[in-house]
Amino acid sequence: MEEGGCKMTVTKKDIADYLGISRTAVSLVLNNTPNSTVSEETRRSILQAAKELGYRDSEIYPKICYILYNREPDDPLYIHDLRVIENVASQHGYRLIFMNVRSSTNDFNMLSKYLGNKEVSGIVLTGDIDDDILDIMEDAAVPYVVYSGVSSNRTDVNVIVTDVVKIAYEATKYLTDLGHVRIALFSGSLDTLVHQQTLAGYRKALEEAGLPYDISLVQVSKEEDGYELASRMEILEIDYSAAFCVNTVIQFGALQKLKDLGFQVPRKISLVGWGYSELVKMSVPNLTTLYIGPEEKEIVVKRLIEIINEGDKDRRTIYLKDTVIHEGGTAALYRSGS
């Protein structure tokens, strides 16, 4: 706002007068006040007017923090989700802040101090979630949702998670429908709940297809190294025509090893993965994988905003179930003797 050629500081009162609404409403929105009763339509009008009048940019947008816990900051399994969350948050007038946190005293202290400043309206927490990080979230009293599985049996948390049993079942069934009977499971540590659930879905699909469960076909890598898993299958001379890989990192690594062995994929061995990352289209051939589409993942941000605006009265788990398949080129009909 300018007067007599000089730029004047825009105040909350100026915005209130401009819109013809109360200064209290403007303050509630621009201060990111939790549980405010201001409607979404009014909030959007206030943010838009603040931008038009030149209100300080850093104060216009409420912020959501995306915390990746106990995973590498460039983990391709999470980068794609981060972009989806950022896009949806932006559509609802929120800016996204990314933070990578490790299970260490130093990181915990840093996180507690940051959350204590109340600079963010809410938190999306993902990664390898445990009670330590959940206790910090509770102590901070900042609205949050867990976008991941929870390793403990806690039921007092707002969780949004993929129905892993269903995904594993559908991926394995995809391979049995192609005629494969010797289907391996390439998994991360079975000490982890998500991989235990994956195993359950895999076994369910085999049982429905009338196929025996062969423990030698279940190969585990704590480092989630698909290259090493495919190497192990070759060294141990375990016969298989297909593998369900619990993520695209394992799938990509397995594909590279099979290529090094001179095996044609999918003519010799088919690979189906779970999830969507940059590796899916970088791979040659493209990876065949099942994943949850971005439209369904919008619930992560929408649920968090609901908690921010209306309070955290009904804690529950929401399952993402609607799978999409990227056909890629790593799965094909079983060919006997290929």
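**Reading the chain and its helix pairs**

Modeller: Among contacts (heavy atoms within 4.5 Å) between residues at least 6 apart in sequence, 69% join residues at least 24 apart in this chain. The model is predicted, with local features needing pLDDT of at least 70 and side-chain atom pairs counting only at pLDDT 80 or more, while totals for chains, interfaces and linings use all residues. Residues are numbered from 1 along each chain as its sequence is written, and side-chain values use heavy atoms, leaving out hydrogens and water.

Colleague: How many helices and strands are in the chain?

Modeller: The chain has 13 helices and 14 strands. Helices (H or I, at least four residues) and strands (E, at least two) are DSSP runs, numbered from the N terminus.

Colleague: What describes two packed helices?

Modeller: Two packed helices are described by the angle between their axes and the distance between the axes. Axes are lines fitted to C-alpha atoms, for helices over the stretch in contact, with angles from 0 to 180 degrees between N-to-C directions. Here, the axes of H1 (residues 12-19) and H2 (residues 23-30) come within 8 Å and cross at roughly 120°. H1 is therefore oblique to H2; angles under 35 degrees count as roughly parallel, over 145 as roughly antiparallel, 65 to 115 as roughly perpendicular and the rest as oblique.

Colleague: Which residues make the contact of H1 with H2?

Modeller: H1 contributes Lys-12, Lys-13, Ile-15 and Ala-16, and H2 contributes Arg-23, Val-26, Ser-27 and Leu-30. By class, there are 4 nonpolar, 1 polar and 3 charged residues in this contact. Ala, Val, Leu, Ile, Met, Phe, Trp, Tyr, Cys and Pro count as nonpolar, Asp, Glu, Lys and Arg as charged, and the others, Gly among them, as polar.

Colleague: At what angle do the axes of H10 and H11 cross?

Modeller: The axes of H10 (residues 226-235) and H11 (residues 248-260) cross at roughly 45° and come within 6 Å. These two helices are therefore oblique to each other. Their contact involves residues including Tyr-227 and Leu-229 of H10 and Ile-250 and Lys-257 of H11. By class, it has 5 nonpolar, 4 polar and 2 charged residues.

Colleague: Is Asp-322 buried or exposed?

Modeller: Asp-322 is exposed, with a relative accessible area of 55%. Buried means under 20% relative accessible area, exposed over 50%, and partly exposed in between (1.4 Å probe, protein chains only). Asp-322 lies in the loop between strand E13 (317-320) and strand E14 (323-326). Leaving aside neighbours within four places in sequence, Asp-322 is in contact with Tyr-291, Ile-292, Gly-293 and Glu-296.
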